[in-house]
Every structure is written in C-alpha cells, then in structure tokens.
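Welcome! Please take a moment to look over the molecule shown here before reading on.

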Number of protein chains: 2
Amino acid sequence: MKTLTVDLGNRSYPIHIGQHLLTQVALLQPHIVSKQVLIVSNDTVAPLYLDTLLSTLSAYDCYTVVLKDGEQYKSLDTLNEIFDAALNNKLNRQLTMIALGGGVIGDMAGFAASCYQRGVNFIQIPTTLLAQVDSSVGGKTAVNHPLGKNMIGAFYQPRCVLADISTLDTLPARELSAGLAEVIKYGVIRDVAFFEWLEQNMDALLARNSEVLGYAIERSCRNKAEIVEQDEHERGMRALLNLGHTFGHAIETACGYGVWLHGEAVAAGMSMAAELSYRLGWLPANDMQRIIGLIARAKLPVKPPATMSAAQFMDLMAVDKKVEDGKVRFVLLKALGDAVTTADFDAAIFEQFLNESCGA
Amino acid sequence: MKTLTVDLGNRSYPIHIGQHLLTQVALLQPHIVSKQVLIVSNDTVAPLYLDTLLSTLSAYDCYTVVLKDGEQYKSLDTLNEIFDAALNNKLNRQLTMIALGGGVIGDMAGFAASCYQRGVNFIQIPTTLLAQVDSSVGGKTAVNHPLGKNMIGAFYQPRCVLADISTLDTLPARELSAGLAEVIKYGVIRDVAFFEWLEQNMDALLARNSEVLGYAIERSCRNKAEIVEQDEHERGMRALLNLGHTFGHAIETACGYGVWLHGEAVAAGMSMAAELSYRLGWLPANDMQRIIGLIARAKLPVKPPATMSAAQFMDLMAVDKKVEDGKVRFVLLKALGDAVTTADFDAAIFEQFLNESCGA
C-alpha cells in the first residue's frame, strides 16, 4: 500500500492506494468520529462491495442509502434521498458519511456531507478509476442542474480517501477508459515524463495490470494533490485541471447527463483543446498528434458528438464556471506539459475551429 | 449610522446600522465584484423595497427572484428557484447575490450563494427585526427538511450586512415581537445590563421608537459578533445562542413551518428553558420570573402550543443538531446572564417538566 498526503493544514488527509483496502478497518477507524456511519452507494456498486464494507465496519452503527447509478441521477432530488435517509434514522452532527462508488456518488455524498446539519465528517472510497485518480481528491463536490454541470456544490475535503485497486476488477471497459482520460490529462497539463510513461504503458493499463494501474493512480493523485495544495478554491492554477472540461461539460449537458460518460466528454474536450491550441499556432503539430493519439489509444472519443452544433456549444459554454466578464475562458496548451487558462485568443480562429469541428 | 465589524480574519465584514441605508450605493459598492447582481426577495418585501434597491444599484446588471413569503417555503424546492433564476440568466461565478428580506430569505439566499458554482459573493439586507439582530449576522444559512428545521445548510459569511432601521416601519407587530425574542435572548445568556435596559425600554421598543430600536439592534449585533468571532463553526460557546431553540425547532416542525413564527417558537422555548433550569434548582425563582415576564411583555408566547405532546417533543428533539451520543443537549441557565450547554441533568425532573408543560 502507498499513502500520499494532501497537505491542507488542519484539513490535511491521507490517500491510501493499494489492493484489498476495503477490508482494513484500521485505515478507516481514525477518521470516524462516533458510532454513526451512513454509507452512500449506488445500485451497481452496492451489490459488489457493500457487504464487504459493512463487515469491515461491523463495530459501528452503519446505515446505508443506495441510489440509482448514473450521471442523470446527480441531481438535487437524488441528494434529498441522502438527507431523507439521514433524518429518518435521526443521524446527528457526529455522523460520518462514506461515499462508496464512482465520481457521481463521491460528488453527491460529499455535497450532502458538506450541508447535512451544516457539515459532517466525510470519507471517500472511490471504486472507479476516474474517481480514484481525480474526483475523490481535492474536495470538489456538486450536483448537476438541467442547465449546467456541477452548478450546485461546495468545496469540502474528505478526512480520508481509500483507493482500493481491487475494485477496478469489476469495472466495465468503457468506465476504465473514461478514467484514463483524467490520467492522460495530468500528463498533458504538467507532467511530460508521465505522458511518456503512459505512451509506453497504455496497453498494460487497458489490460488492467495491477502494478501499472497502481502506479498510474499514485502519480495522478500526486499531481492532483500538488495542485490542490497550492490552490484549494480554484482562484488560479487549479483551473488547469479543467483542460477539456469546458467543451466536455457542454457535451454532457447537450447529450443529456449519462449518455456520454464524464471521462469520454473530457477526452473529446481535451482533443478539441489540443486542436484549437494547434490552430492558434501555440501547440506544435507533433504534440497535438501525440495527445490525440494517446487519447484514441485509450479507446476514447476524440471528436464531439455528431449531433452537436457550434451554436449549442457557445450557448452551453456561456454558463460555464470558467466564464469571466462575458468571455469564456479555456484551458489551452502552449506545449505538451504546459497549459494556460485564457480568454485571450483569436475569436475568428476559434469560431472557424468550432464550426468545422461540429461539421456545421 | 453605526458600523460594527465581525472580525473573522480575511472573511471579516461590516454591519451598517441606520436609517435609509437602502439608498446609499456607497455602502454596497465595495462588496460587489462584477456587474452581475442577483437580488433574492419575497412577495411581501419586494413590493415595498425592491424598487428602491434597484434604483440604488442602477449602475449594475441587476436580476431579481421573488419567492413566496413564509417559513413553509424555506425548502430545497424554493432554493432551486434561485438556481433556476441564476442559470436562466447565465450568471457566473463573479455574481453577487443580495438577500432583501427577513430571516427566511437571508438563510435561503445565503445557502444558495454558498453553493451556486461552489460559492459566490453574498450581501445581507435584512428587513425584519429578527434578521437584523440575529440571522443576518454570523453566516449560518440553511433550508428546512420536513423532518427538521435548518437541517440542510452551510456556514457562509456575507461580505456586508446593511440593517436599514427604516424598513421596520412596515413590519407587522407580530414580526416585531418575534424579533424581540432574539433580542431578549442576548440579555438572558450573557448581557445582564442589556436585559435590565430591555426591562426599562420594552414599551418604547414596541412603540418603534427608532433611537431605542437602533440601540437594541446595535447591542444585539455586538453580542452576536463577539460570540461568532470566538466560535464561528459552533464547536463550543456559539451553541449558547441556541437558548430556547431546541424546544423552539420542535415547535416549528410539529406545528408546520410558518404557523408559529421562529421568534415565537424561540420565545416559548426560552420560557421552557428558564422553567426547566429553575426546576433543576439552577436558576433562582426571581430570575425565571423576570425572564418569562419580559418575554410576555414583548407580546410573545411563554408556553408551548396546546396541541403538542411530550412524546412529540422528545421525538423531534432527538434529531436536533444539539444531539450528541444519543443525548439531547440543552442550553440551560445557571443564573440570569449565565447560560450553559449540557446534557447532564436529572432526567426524571426533565420528564416531569415536559409532561406538565404539555398538559399531558
């Protein structure tokens, strides 16, 4: 087992990465404040891992709430099911809430923990690659609104993250690829050596070699922790983690939440950001090709959905959290490993790019 | 105009108290970050003061959302109306949200501001006495759940509080009294000199003498600010502000939100806490009589609703935020001006008191 620390002063917390961590009560115990535990999971993950976790936590008074699986359920209404479960069981402010599932469960349980009785203890147990390398670390929590992704949420750090690599054994191939999108992202925005390692190890990752997967998770978490430590509330450099996300969120909202997986939308968005950076004359052609090539090798989309128009992109991106003073800000690339957040680019080139990308 | 400061490091903010502050753009300007302003009000207050505020803010791009008035609308569903308004108008993270109304509007707009795009700028313009002396200061925000008061919320400080005493001219007498409940509370828990001043000035307060009202607001805010500065997240002494609130929240939930005003429920709750403290042998009879006497002079209830049973109280209080390790913690009184938070009292006396209070 490897343990990293996210260093945020009195809100610092460990990320444990390894095999069969779900059975190790000693990893969870220091982070649970009273007997009360509420486990939030979904109807895909609960049948696989809930019993294991319950028996690990048999010394506690465990309650569970099992939500429907899918991004389309990441809503205020579903959030309320968590509050209902907590209140029906009279759970109090000393409660510890545990997310057992992928990014959707982590985001919803984390947001619920941040606002139940104005904040209770929270632990992340991510069971998808995407959640293990990205969403479970850093304290971003949220639900979607019909008009925009992650529009309602909070910054709320967990007390502990348990990334049990064994849970990836049951992950559908499509979800594995979706997770690789965020892994590739770290290489593209700030870690060229890791990008090169990914080029060499993509086949082993897709084959779920556990040693290779473990290293990819650890290095991804380390990259994420370094960024979050410097800019917890995204006033500056943390925004670089949104490479591909402005395009990606528009894709997810336009197609209907859950039709494209988040990682798939981010993959297409990163490819678009790379191509736009190239067209602006910022990114060498070879770097663009390597980025798009690696995304494709991870069995991820590199183009937006055929059904989306340029106008739809513009409309949906106008409400993105990266908008300032009426200008959409994008994360773009100056080179492989060198990303910038900017609204300062040639609008004509951007429009032409968007029109051609959408085939409109 | 008087200005107090709530000293919370880089989240410090001013409370301005005075006449006709709604027309003074210079008080708001320093706390608005971009052109975008969303004013949240209700259908009672908006017809009275929204136009004034809009013309004060004519240099900004102001959007408004007018909610239904009443505690029964302090819900996740109503909260969503604020998000709808913000997203339909494509308002971004540089938005400033302004609450124009009483405690319900302040609590909802504050919670909405805390989670819209994970947190936007927030200003409180309280227009009821209760909001001016209590709920607009200190950063507690929340909505109700059918199973409990203020169960879903956040600690989120405003950038500025504008307590315009002129807005109290239109306040119904019942709402004025409800506000006086929280004013009296400061005297009871920590400020005996203020309690004595209130005994001397209750008639002038009920007659809305603006100088006397102004002083009561200022001294209440000063008491609240001192407490919040020492214990922002209610890990200790801030809980003393909940005198009467554990009983009070049970009353509000049992009767249906909005049937009893919050201040009325707190008034009955404070009277109950005083009587319980007396029965436990902690509070002298004379102090209890002075407390209940002053509450009655403010035209507030001093008994729980006749419809409530002791069993109903016990059931509803079991989910209160003041519960720890299965024991309900109450704010009780050792003397006038000396409150304690405790679960350590004679359970038999408590049960007898509750049974007799409820006439069951």
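Below is a short tour of the sheet, the helices on it, the domains and the pairing of the chains.

This is a predicted model, in which local features need pLDDT of at least 70, side-chain atom pairs count only at pLDDT 80 or more, and totals for chains, interfaces and linings use all residues. Residues are numbered from 1 along each chain as its sequence is written, while chains are lettered from A and ligands numbered from 1 in the order in which they are written.

Let us begin with the sheet. Chain A holds an open sheet of seven strands in the order 1-2-9-6-5-3-4, with mixed pairing. Strands (E, at least two residues) and helices (H or I, at least four) are DSSP runs numbered from the N terminus, and two strands pair if DSSP finds at least two bridges between them. At the edges are strand 1 (2-6) and strand 4 (61-67) of chain A, each pairing on one side only. From one strand to the next, the twist averages 20 degrees.

Strand 6 (residues 121-126) and strand 9 (residues 160-164) of chain A run parallel and are joined by two bridges. Here Ile123(A) stands opposite Cys160(A) in strand 9 of chain A.

Angles run from 0 to 180 degrees between N-to-C directions, with axes fitted to C-alpha atoms, for helices over the stretch in contact; a contact means C-beta atoms, placed from the backbone, within 7 Å.

| Helix of chain A | Strands of chain A | Angle |
|---|---|---|
| Helix 2 (residues 46-56) | lies across strand 3 (36-42), strand 4 and strand 5 (96-101) | about 165 degrees to strand 3 |
| Helix 8 (residues 210-230) | touches strand 1, strand 2 (13-18) and strand 9 | about 15 degrees with strand 1 |

Next come the domains. Chain A is divided into domain 1 (2-169) and domain 2 (173-357), with bounds from an automatic or database domain assignment. Their C-alpha centres lie 25 Å apart. The contact takes 30 residues from domain 1 of chain A and 31 residues from domain 2 of chain A. On the domain 1 side of chain A, helix 5 gives the most, with five residues.

Finally, how do the chains relate? Chain A can be laid on chain B with an RMSD of 0.0 Å by a turn of 180 degrees and a shift of 0.0 Å along the axis. The two copies are therefore related as by a two-fold rotation axis. The superposition is by least squares on C-alpha atoms of residues with pLDDT of at least 70 in both copies. Of the residues of chain A, Leu76(A) comes closest to the rotation axis, at 3.9 Å (C-alpha).

Conventions. Two residues are in contact if their C-beta atoms, placed from the backbone, lie within 7 Å.
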